[in-house]
Amino acid sequence: MSTRTFRITVRGAFDALTDAQRAALLADAAEHDVLRAAFTPEGTLTYDIAARPAFVFRFSAAGEKEEDILEATERAEEAAKTWLTERGYGFKQLRSTAEDLSQAPLGKRQRRAARTAGA
């Protein structure tokens, strides 16, 4: 059986931040800039607290069956909750989306490469 790669995005909003928490997030903002966003097994957090209280965690996971995406999504949500809770950050409106890359449509370059390889 082949390994499937999943991309999981967990979105939410910070809730009831104290002035000290907001200052800490602002101080670390460069580390969590969207330009550093990546899908990683441990998760990558991005936010722009100066603009709005929203955040995004990006996770990657692997599985062998299509159903493994559900378990991977639950693990990603728990990891995001744990990260936020351990730092004392309140959050709300947590929601997740997941994509099985084996089911994703091919991009223009991938279609061209597939045609070239098949010819």
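A salt bridge is counted where a side-chain nitrogen of Lys or Arg lies within 4 Å of a carboxyl oxygen of Asp or Glu. The model shown here is predicted, so local features need pLDDT of at least 70 and side-chain atom pairs count only at pLDDT 80 or more, while totals for chains, interfaces and linings use all residues. Residues are numbered from 1 along each chain as its sequence is written, and side-chain values use heavy atoms, with hydrogens and water left out.

**View A. Salt bridge between E86 and R87.** The side chains of E86 and R87 meet at 3.8 Å, N to O. E86 counts as exposed at 62% relative accessibility, and R87 is partly exposed at 40%. (Buried is under 20% relative accessible area, exposed is over 50%, and partly exposed lies in between, with a 1.4 Å probe and protein chains only.) The structure holds five salt bridges.

**View B. Salt bridge between R75 and E71 in helix α2.** Helix α2 covers residues 68-86. (Helices are DSSP runs of H or I with at least four residues, strands are runs of E with at least two, and both are numbered from the N terminus.) The side chains of R75 and E71 form a salt bridge of 3.0 Å, N to O. The two residues are four apart in the helix, so about one helical turn separates them. R75 is partly exposed, with a relative accessibility of 44%.

View C. Strand β1 spans residues 4-15 and pairs with β3 in the antiparallel sense over ten bridges. (Two strands pair if DSSP finds at least two bridges between them.) F6 has A61 in β3 as its bridge partner. β1 also pairs with strand β4, residues 90-100, in the antiparallel sense over nine bridges. Here I8 stands opposite A98 in β4.

**View D. Salt bridge between D15 and K92.** The side chains of D15 and K92 meet at 3.9 Å, N to O. D15 is partly exposed at 31% relative accessibility, as is K92 at 38%.

**View E. Aromatic pairs.** The structure holds seven aromatic pairs. (Rings of Phe, Tyr and Trp, the last by its six-membered ring, pair if their centres lie within 6.5 Å; planes under 30 degrees apart count as stacked, over 60 as edge-to-face and the rest as tilted.) F14 and Y89 are edge-to-face, at 5.7 Å centre to centre and 75° between the planes. This pair links F14 in strand β1 to Y89 in the loop between α2 and β4, 75 residues apart. F14 is buried at 4% relative accessibility, and Y89 is buried at 11%. F57 and F59 are stacked, with 6.0 Å centre to centre and 15° between the planes. Both F57 and F59 are buried. Ring pairs join F14, Y47, F55, F57, F59, W83 and Y89 in a cluster.

**View F. Lining of the largest pocket.** The lining residues are H32, D33, V34, T46, Y47, D48, R52, A54, F55, V56 and R58. (On a 1 Å grid over the protein atoms alone, a pocket is an open set of points where a 1.4 Å probe fits, with protein on both sides within 12 Å along at least five of seven lines; lining residues have an atom within 4 Å of a point.) β2 (44-47) and β3 (54-63) are the elements that give two or more residues to this lining, and β3 gives the most, with four.
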